[in-house]
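Visitor: Could you walk me through this structure? I'd like to start with the charged side chains.

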Amino acid sequence: MSQFIANSFQVPNAVVDELMAKMSANALRCYLLITRKTTGWGKSSDKISASQFMDYLGIKDKRTIYTALTELANLGLINTIKNNGGITEYSLVLELSEPVTKNAGTKNVTSSKKCTEPVTKNVPTTSNKKCHSTKDNIKNNITKKRNTVFDPISVKPQNVSLDVWCNWIDYRNSLGKKLQPQSWIKQSQMLEEQENPEAMINRSIMNGWQGLFPLKNALTTGSPVSDTSWINDLNGEMF
């Protein structure tokens, strides 16, 4: 029987055996779509818009998509490349290494697992070299890849709704000026100290401002308040 079935795409066993129980149904659906769009088409990555996820999966709210994708990134299953307001590019985290050679060293080396290094003739069977399957590699990536992709949704202020926070993220991305993770964190911390953080966000979007400014002493019309001492610890980087 062929190892690959025509008109199909493959999913690593580790995703089903080890990780499926740890992810939500929507995260699994997003993972399957990314798999189909990338390795399913013989590609290493693909640009997939939020509207495509919604159309393929029948999901009506883009916030559900963002939450599921953040979950996959935190599990170390996908990599994302954000393109300054453009369509985000996705790829799977797969580390396939060289298989054990049939004629290596001893007669009993017949494992089908893939190893980080082939066994050589001078390496005894009691070698300390470890053999890792694809499942092991993906499990290791959970810790290795967890912090490689930063998503602003992960630092949403507790006193701001997901809808308003997503609107602010989309607005900031549309400006084409990417914020560093430290800026998002500081911004979130500042908003949690405000009495009406959502009004601050909506006011900045409505006025076309790049930053967020406290409502205290703010003018009803005109420029933001001049007191911005709360951002001095950002080493000069504006929100």
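Visitor: Okay, which side chain does Lys-43 meet in a salt bridge?

Guide: Lys-43 pairs with Asp-46, at 3.0 Å from N to O. Keep in mind that this is a predicted model.

Visitor: Is Asp-46 buried or exposed?

Guide: Asp-46 counts as buried, because its relative accessibility is 18% and the cut-off for buried is under 20%.

Visitor: How many salt bridges does the count come to?

Guide: The count comes to 3 salt bridges. Another of them joins Arg-63 and Asp-61, with 2.5 Å from N to O. Arg-63 is partly exposed at 27% relative accessible area, and Asp-61 is partly exposed at 26%.

Visitor: And what does Lys-62 form a salt bridge with?

Guide: Lys-62 bridges to Asp-170, and the closest N and O atoms are 2.7 Å apart. This pair links distant parts of the chain, since Lys-62 sits in helix α4 and Asp-170 in helix α6 (residues 162–174), 108 residues apart. Lys-62 is partly exposed at 31% relative accessibility, and Asp-170 is partly exposed at 24%.

Visitor: New topic. How many residues are in the largest nonpolar core?

Guide: That core has 22 residues. Those with the most contacts inside it are Ile-34, Phe-53, Leu-69, Leu-72, Leu-77 and Ile-78. At least two residues each come from α1 (13–19), α2 (25–37), α3 (50–57), α4 (62–74) and β3 (89–92).

Visitor: Why would nonpolar side chains be found together like that?

Guide: In soluble globular proteins, nonpolar side chains tend to be buried together.

Visitor: Take Ile-78, then. What is Ile-78 in contact with, leaving aside neighbours within four places in sequence?

Guide: The contacts of Ile-78 on that basis are Tyr-31, Ile-34, Leu-69, Leu-72, Ala-73, Tyr-90, Ser-91, Leu-92 and Val-93. There is also a second, separate core of 17 residues, and it includes Tyr-66, Ile-169, Tyr-171 and Met-190.

Visitor: Where does Leu-57 lie?

Guide: Leu-57 is part of helix α3. With a relative accessible area of 12%, Leu-57 is buried. Not counting residues up to four places away in sequence, Leu-57 touches Arg-29, Cys-30, Leu-33 and Ile-65. Its C-alpha atom is separated by 8.5 Å from that of Asn-26, which is 31 residues apart from Leu-57 along the chain.

Visitor: And Gly-76, where is its place?

Guide: Gly-76 is found in the loop between α4 and β2 (78–81). Gly-76 is buried, at 1% relative accessible area. From Gly-76 to Val-93 the C-alpha distance is 7.0 Å, while the two are 17 residues apart in sequence.

Visitor: What classes of residue are in the lining?

Guide: The lining of the largest pocket has 18 nonpolar residues, 14 polar ones and 7 charged ones.

Note on methods
Residues are numbered from 1 along each chain as its sequence is written. This is a predicted model: local features need pLDDT of at least 70, side-chain atom pairs count only at pLDDT 80 or more; totals for chains, interfaces and linings use all residues. Side-chain values use heavy atoms; hydrogens and water are left out. A nonpolar core is a set of buried Ala, Val, Leu, Ile, Met, Phe, Trp, Tyr and Cys residues joined through side-chain atoms within 4.5 Å. Buried means under 20% relative accessible area, exposed over 50%, partly exposed in between (1.4 Å probe, protein chains only). Helices (H or I, at least four residues) and strands (E, at least two) are DSSP runs, numbered from the N terminus. Contact means heavy atoms within 4.5 Å. A salt bridge is a side-chain nitrogen of Lys or Arg within 4 Å of a carboxyl oxygen of Asp or Glu. Ala, Val, Leu, Ile, Met, Phe, Trp, Tyr, Cys and Pro count as nonpolar, Asp, Glu, Lys and Arg as charged, and the others, Gly among them, as polar.
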